[in-house]
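Student: I have a structure open here and would like to talk it through with you. Could we start with the side chains and then move on to the backbone?

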Amino acid sequence: MFRPFARIATVPLRSPTAHRCASTSTRGKASDPLRILFCGSDDFSCESLRALQREHVGNPGLVQSLEVMVRPPKPTGRGNKKLSIVPCQQLASQLRLPIHELNTFRGWELPQGTNLVIAVSFGLFVPSRILGSAKYGGLNVHPSLLPDLRGPAPIHHALLRGDEYTGVSLQTLDSRAFDHGAVLAQTPSPGFAIGPSDTVADLVRSLGKVGADMLVQGLRDGVHVPPHHDVGWMAKQLEGKELTHAPKVNKSDSEIDWTGWTPEHVERRTRVFGALWTTAFSELKRTKRIILLDAEPVSLGDALGRKVTFRFVSGRTEDAGSAQHVRDGRVDTENDVVYVALGTGSWIRVQRVKIEGKPEQGAVAALQPFMTENED
C-alpha cells in the first residue's frame, strides 16, 4: 500500500533537528558499568557497534566490556559454494572484539557478567530467558518512528510508501514480540527528511549514524535503567489508526507490474531495489528474464524513435495464472535508448539491460530479440 505522509513545507530537507533525539531527562541515573552483548548483522547495525566501541575505549566507566553476537555465515552464490559473512562480524573482527556465532539462543547462556543486551537489525528474537539474565534487559535501535513500520524492512517500506519523513527509535527489547518495547528516545517531529533521490543505502548510512548517536546518548543518560518511560510521539499521531507492518522485501517485489504501475511505482521501486525486472517473449517464442538496470519514468512526449511491440509475461510461464502483456515501445538507436509503455499511460526509459545468462548490454542490442517491428 502506497500511503504518503502529508507534506510539511516549513521543514527543510535534512533539518538540523532531525539529528537530535527526544529522550527522557534521566541524566544522573545511577548505572553499573555496562558489560554489553551486541547482536547485529548489517551496515545499519555496524554504525551502532562502532559507536559503542568508541565509547568503550573513551569512556570505560560507562561501557566496561563489549562482546558481539552474529548469526553463522550463509551459503550463497551459484551452487551455494560461497559463505556470506555479515558486515557486523567483519567489523567485530577488525575491532578485535569477542564474537559468538549462534542461530538460536536455545541452550545458550549469556557471557558471565553481561548486564545489557543490545540488538540492532539482528533478525533473531531475544527470548525472555536471556533478557531476564541481564540486569538491564535489552535495547534495540529501530529505523522507523515506532509504532509505525514495525518489522524487518522499515526503510524499504518508507520509500515504497512515498514517505517524506522517517526516523529512528530507541526502544526496550520486548520479551513477547518484535518492536513492541517502550520507546526511550525518538527522532523529534516531523522526523528525518527523506531526500527526493535517497535510496535504501543512503538512508541506511544516514539513519545508522543517527541511531548510533541516539544509542550512546541514551546510555549516557541512563535510559536503560528502570523505570522506563515511553517518550515516543508518533504513537499519539497514529492512535486509532491501522498500523503498517514492514515485512521483508524480496525479488518478486521488483518485478514490473505492466498494468498497474504508475511512474511513482517505478521511481520508488528503483530507489529501493536499484533495478527492476520482467520476463519477455523472444522472437523464437522463448521467455527470458530481463533486468532493467536504469529504468526511469518519462512522459509520452519524451518517448521517441521507431515503433515496436513487446510481449511480457507476469507470473511463472508454466502456471495457468500467468498473464501476457502486449506493450508499445519506441527504439532510439542513435542514443541506444528503449522506451516501453506502462498500462497506466506513462512510459519508462531504459539504457542498460542484462538478459538472463548474458553480460550487461546497451538496451537496443539487448532487447532486439524481444521486439516486434510495427509496420505503421
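Student: How many aromatic pairs does the structure hold?
Tutor: This is a predicted model, and the structure holds five aromatic pairs. One of them is formed by phenylalanine 105 and phenylalanine 122, whose ring centres are 6.4 Å apart with the planes at 65°, so the pair is edge-to-face.

Student: Where in the chain are phenylalanine 105 and phenylalanine 122?
Tutor: Phenylalanine 105 is in the loop between β6 (99-101) and β7 (116-120), while phenylalanine 122 is in the loop between β7 and α3 (128-133), so that the pair links distant parts of the chain, 17 residues apart.

Student: And is phenylalanine 105 buried or exposed?
Tutor: Phenylalanine 105 is buried, with a relative accessible area of 4%, and phenylalanine 122 also counts as buried, at 5% relative accessibility.

Student: Which residues do ring pairs link into a cluster?
Tutor: The cluster consists of Phe105, Trp108 and Phe122, linked by ring pairs.

Student: What about phenylalanine 310 and phenylalanine 312, is that aromatic pair stacked or edge-to-face?
Tutor: Phenylalanine 310 and phenylalanine 312 form a stacked pair, with 5.6 Å from centre to centre and 20° between the planes, and both residues are buried.

Student: Switching to helices: at what angle do the axes of α4 and α5 cross?
Tutor: The axes of α4 (residues 154-161) and α5 (residues 200-221) cross at roughly 125° and come within 10 Å. That angle makes α4 oblique to α5, and α4 passes α5 in a right-handed crossing.

Student: Which residues of α4 and α5 meet there?
Tutor: From α4 the residues are Ile155, His156 and Leu159, and they meet Val200, Leu203, Val204 and Leu207 in α5. By class, six residues in this contact are nonpolar and one is polar, with no charged residues.

Student: Back to the loops, then. Is leucine 304 buried or exposed?
Tutor: Leucine 304 counts as exposed, at 53% relative accessibility, and is found in the loop between β15 (296-298) and β16 (306-314).

Student: Which residues is leucine 304 in contact with, leaving aside its neighbours within four places in sequence?
Tutor: With those neighbours left aside, leucine 304 is in contact with Arg330, Val331, Asp332 and Tyr339. Tyrosine 339 is 35 residues apart from leucine 304 along the chain, yet their C-alpha atoms are separated by 7.7 Å.

Student: What phi does aspartate 336 have?
Tutor: Aspartate 336 has a positive phi of about 55°, although it is not a glycine. Aspartate 336 is found in the loop between β17 (323-332) and β18 (337-341) and is partly exposed, with a relative accessible area of 30%.

Student: And what phi does aspartate 179 have?
Tutor: Aspartate 179 has a positive phi of about 60°, again without being a glycine, and its place is in the loop between β10 (169-172) and β11 (183-186). Aspartate 179 is buried, with a relative accessible area of 11%.

Student: Which residue does a cis peptide bond join to proline 147?
Tutor: A cis peptide bond joins leucine 146 to proline 147, with omega about 10°, and proline 147 is found in the loop between β8 (138-142) and α4. Another cis peptide bond, with omega about 0°, joins proline 226 and proline 227, and proline 227 lies in the loop between α5 and α6 (234-237).

Student: Last one: how many helices and strands are there in the chain?
Tutor: The chain has eight helices and 22 strands, and buried residues make up 48% of its 376 residues.

Terms used: Residues are numbered from 1 along each chain as its sequence is written. This is a predicted model: local features need pLDDT of at least 70, side-chain atom pairs count only at pLDDT 80 or more; totals for chains, interfaces and linings use all residues. Side-chain values use heavy atoms; hydrogens and water are left out. Axes are lines fitted to C-alpha atoms, for helices over the stretch in contact, and angles run from 0 to 180 degrees between N-to-C directions. Helices (H or I, at least four residues) and strands (E, at least two) are DSSP runs, numbered from the N terminus. Angles under 35 degrees count as roughly parallel, over 145 as roughly antiparallel, 65 to 115 as roughly perpendicular and the rest as oblique. A crossing is left-handed if the near helix is turned anticlockwise from the far one by less than a right angle, and right-handed if clockwise. Contact means heavy atoms within 4.5 Å. Ala, Val, Leu, Ile, Met, Phe, Trp, Tyr, Cys and Pro count as nonpolar, Asp, Glu, Lys and Arg as charged, and the others, Gly among them, as polar. Rings of Phe, Tyr and Trp (its six-membered ring) pair if their centres lie within 6.5 Å; planes under 30 degrees apart count as stacked, over 60 as edge-to-face and the rest as tilted. Buried means under 20% relative accessible area, exposed over 50%, partly exposed in between (1.4 Å probe, protein chains only).
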